[in-house]
Amino acid sequence: MEKTYDPHAIEQRWYQTWEERGYFAPGQSGSDSYCIMIPPPNVTGSLHMGHGFNNTIMDTLIRYHRMKGDKTLWQAGSDHAGIATQMVVERQLEAENKKRHDLGRERFIDRIWEWKQESGGNISRQLRRLGSSLDWQHERFTMDDGLSEAVREVFIRLYEEGLIYRGKRLVNWDPKLHTAVSDLEVLSEEEYGHMWHMRYPLSNGQGHLIVATTRPETMLGDCAVAVNPGDERYRHLIGELLELPLTGRRIPIIADEEHVDPEFGTGCVKITPAHDFNDYAVWQRHRDEITISEQAHGGLINIFTVDAAIRENEATEGSLIPEKYIGMDRYDARKQIVTDLQEQGLLEKIDDHKLMVPRGDRSGVVIEPYLTDQWYVKIAPLAKPAIEAVESGRIRFVPDNWKNTYYEWMRNIQDWCISRQIWWGHRIPAWYDDRGNVYVGRSEADVRAQHNLDQSYPLRQDEDVLDTWFSSALWPFSTLGWPQQTERLQDFYPTSVLVTAFDIIFFWVARMIMMGLKFMDDVPFRDVYIHGLIRDSHGDKMSKSKGNVLDPIDLIDGIGLEDLVEKRTSGMMQPKLAKKIEQQTRKEFPDGIPSFGTDALRFTFAALAATGRDIKFDLGRIEGYRNFCNKLWNATRYVMMNVEGQDCGVQGVKTGHSEPTAKLERSVADRWIMSRLQKTKQAVAEAIEGYRFDHAAQAIYEFTWNEYCDWYLELSKPVLNDDNASLDAKRGTRRTLVRVLENLLRLTHPVMPFITEEIWQRVGPIAGVIDAGQEDVTIMNQPFPTPRRSLIDEAAEEEMAWVMQFILGIRKIKGEMNIAPGKPVPVILANASEHDKALAKRHRHFLDFLARTESIDILTEAEDEPESSIALVGDMKVLIPLAGLIDKEAESKRLEKEIGRMQSDVERIEKKLANSNFVDKAPQAVVDKERDKLTESKSALETLQLQLEKIRKL
RNA sequence: AGGCGCGUAGCUCAGUUGGUUAGAGCGCUACCUUGACAUGGUAGAGGUCGUUGGUUCGACUCCAAUCGCGCCUACCA
């Protein structure tokens, strides 16, 4: 084996082997099934750290359950990401000076499919690099035929039940993309703006009202000014009319208690129902009032084009929209209107004002509430059972508190606008005739057949497509073959767990629950594991514009500084930030990023995956875990050097649990490490079952490094290198070495698949679990280690604690007395019990080797203690005679420190025990424990104090 | 405004139902090229657990208040 671990040499080779051999497909047997649906990544996207984290967790769960023998499926696939993907291809066209309309719908969609072929492989390649054991053979795509059929089926069924309807409503309109977007695709950020206070004169010439607005241009569409009916200032004016400036229109003063807060501003609110959600609600309450209903469009006056410019008047409208502003962009119109108001003396004042500005998450432009025809899902009847599923515990959120977020959203949920005015997506299966009828069906032919419409009868399909999340909501069953009743659907629905970050609870999780309950009559998953977000080392969110993005592949392979700078600064939306990003990057990664390998990255994710907490990704951590890989690698090297070609007592053994065939002698170290291993197995399994990947990683790390490597490997050396040690003892040690390692590899495999496989292939035959040269075996399909109660050996653990304390005591003295660790020292034991003496004798080879003791003599009661430095093992004194050599100062200081510690201990416990309340009320066991401790500490204290006196007298 | 979460060693984080001297990794100090590993070993320094009260025999842990930070939802025209 190489001296250092090199992930590159093995990772891609093993992944390819696994995939070729079909190990990722669910097995045929297995009593329990276990299934995770991958949250489908965007087909045009690329992998970021969040994906890395998310997929590490899923793969760990999947590999764990596969090893446990469950029939295990990790469903692969991606979604078509309507708007995002369309935008990418439109940008490509832009480079050719073309627009999508130049191509036409069909050719444009062909272009997107071409792009999908080209880019779709990208993300799956990256997932493979992460070691994800996805079932690629059944990879699905939301636009493939089967899933499209599922979408149509669901649309039609919901429509037929009256749960899908078409309506003219205010939607969030993206004036750049020319499509409706859902609430969730709108991000509101605080921005600096102004508040314009405008005077609206009373029509009778008796003064004016002042209204304030952040969007003065919308005044062209005002239909009223509302006041609170309880407001003394305006009560008498209710019902009177105002001159709406610049328009020549008159609008009423209306009373609306719900919307108008008399305390805020002037207490007068302009009402623009076609361009504001709240105003629309006010309008709905008042539209029957004649002063409103007799206005154009019943007062619901739209003033914008799809680009959010001021629209033209229609033939019947006269000059509803003042000619002057027609064609102006909304912000130009704003400027002009403000100027014009000012000229007419109708502008009271302009205040600076901070406000929340809604922007499209894709386009970045300000979203307009806009009146359009759209398709909606009536959500309340679907939400109700979805809420109940969580309330009743059929679905469990981990961590639990996320259910509150879920309830909060589900209880305030609005009907879902599912139509999008784009071309890439599932076209709405609705056809119109010229008379305003709508027909919904599987196809045009179906519709004609169903409604007896002749081929010549003109029908045209709805131009719109469905929201991407409509198809994603069906993911848990559409990918398994629904609406066909397939075996996979039988086997794997409901799935076991959904693993995702919180930001997608609303978008996706809730919708899957609703659709799953509706169409499968069961929940789509039992658990929802919500993990944190990956942030940079300063705790900032990673984003392209901040230039602090890390690519998981770069952590795996490493990347040079220049490449990293280039990567972070290219293709930026705001090129002026490039300089700053370059500087930051050069400062933070002066040598670029070294290669850490996939296993180290995965272990880091696991180790940091404390529940519900964001992760600040620190390179120091991943470096530490790369070192851990190297540690495991070198431990293996040591084991191999000592067991290869040697008798390990495993000949003919095929399963993990068979008894040795040859005679063995097991040392306390052997029994101890086996005992520790059992407890570690237990801890790791419990941690994974409880989604505590950090605990699992920690248990593995500690066992491997602090117990197996630091102690057991060291303890094996005096046995294996001692010519006097019996063959049986050597055999026992070799067997333990190799079998503990083999167990450890299986235990670690779910988190670190590559290194464990590589090592296991070498160790397996020696451990007797596979034949040498056996093909087509993999650690992936080996049983996950289960703890064996019979191997838990408290006596051995206690005995080892004695050995360790002995060794540590001597090392400590050597360390503090400046004695070279390698220098053998004579040791004298005083106040040693028979047990101590026996242990000292039995483990002499361990003590000599690990503490470098030269001799160990027992002091009889009659003899005086020589001038020494002292360590305590229980009541036994371990003396290192230092006649003449003793550093009086140093030793006194050392003892004083120890004594200080002991003393405060003793005082604290004495005080506690003197308190009758404690003695009376605390459980007996706690009190006893304190008493024992006191006895122990007191005796140690005494010993140390005597020793100190002795030293001082020298 | 409401909801959720966080505040523990210089840094990144554990700490399970209240009961050891509050732990780990990284970093730091000293020593060690010992034959698995310098991506290493040995020893060590470092914390009044944000603050203040309260409950309790006992609080990092439970309760209340308070300060600071983050996120989400809704917003005042």
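A cavity is a set of points, on a 1 Å grid over the protein atoms alone, where a 1.4 Å probe fits but cannot get out. Grid points are joined across faces, edges and corners, and a volume is the space filled by probe spheres set on the points. The model is predicted: local features need pLDDT of at least 70, side-chain atom pairs count only at pLDDT 80 or more, and totals for chains, interfaces and linings use all residues. Residues are numbered from 1 along each chain as its sequence is written.

**View 1. The largest cavity holds about 60 Å³ of space.** The structure has two cavities of 30 Å³ or more. Lining residues, those with an atom within 4 Å of a point, include Ile38, Pro41, Trp136 and Glu139 in the largest cavity. At least two lining residues come from each of strand E2 (71-78), helix H5 (105-129) and strand E3 (135-141); helices (H or I, at least four residues) and strands (E, at least two) are DSSP runs, numbered from the N terminus. H5 gives the largest share, four residues. By class, seven lining residues are nonpolar, four polar and one charged. Here Ala, Val, Leu, Ile, Met, Phe, Trp, Tyr, Cys and Pro count as nonpolar, Asp, Glu, Lys and Arg as charged, and the others, Gly among them, as polar.

**View 2. The second largest cavity contains about 40 Å³ of space.** Its lining consists of Ile83, Gln86, Glu90, Arg100, Leu177 and Ile422. Helix H3 (residues 82-95) supplies the largest share of this lining, three residues. The lining of the second largest cavity divides into three nonpolar, one polar and two charged residues.

**View 3. Three strands form an open sheet in the order E14-E22-E21, with parallel pairing.** Strand E14 (396-398) and strand E21 (495-501) are the edge strands, each pairing on one side only. Neighbouring strands of the sheet are turned by 20° against each other on average, direction ignored; the axes are lines fitted to C-alpha atoms, and angles run from 0 to 180 degrees between N-to-C directions. Two strands pair if DSSP finds at least two bridges between them. E21 and strand E22 (residues 525-531) pair in the parallel sense over six bridges, and Thr495 stands opposite Phe525 in E22.

**View 4. Strands E6 and E7 form a hairpin with six residues between them.** Strand E6 (residues 186-201) and strand E7 (residues 208-213) pair in the antiparallel sense over six bridges. His197 stands opposite Ala212 in E7. In the turn, Gly205 has a positive phi of about 80°.

Definitions and conventions:
Chains are lettered from A and ligands numbered from 1 in the order in which they are written. Side-chain values use heavy atoms; hydrogens and water are left out. On a 1 Å grid over the protein atoms alone, a cavity is a set of points where a 1.4 Å probe fits but cannot get out, and a pocket is an open set with protein on both sides within 12 Å along at least five of seven lines; lining residues have an atom within 4 Å of a point.
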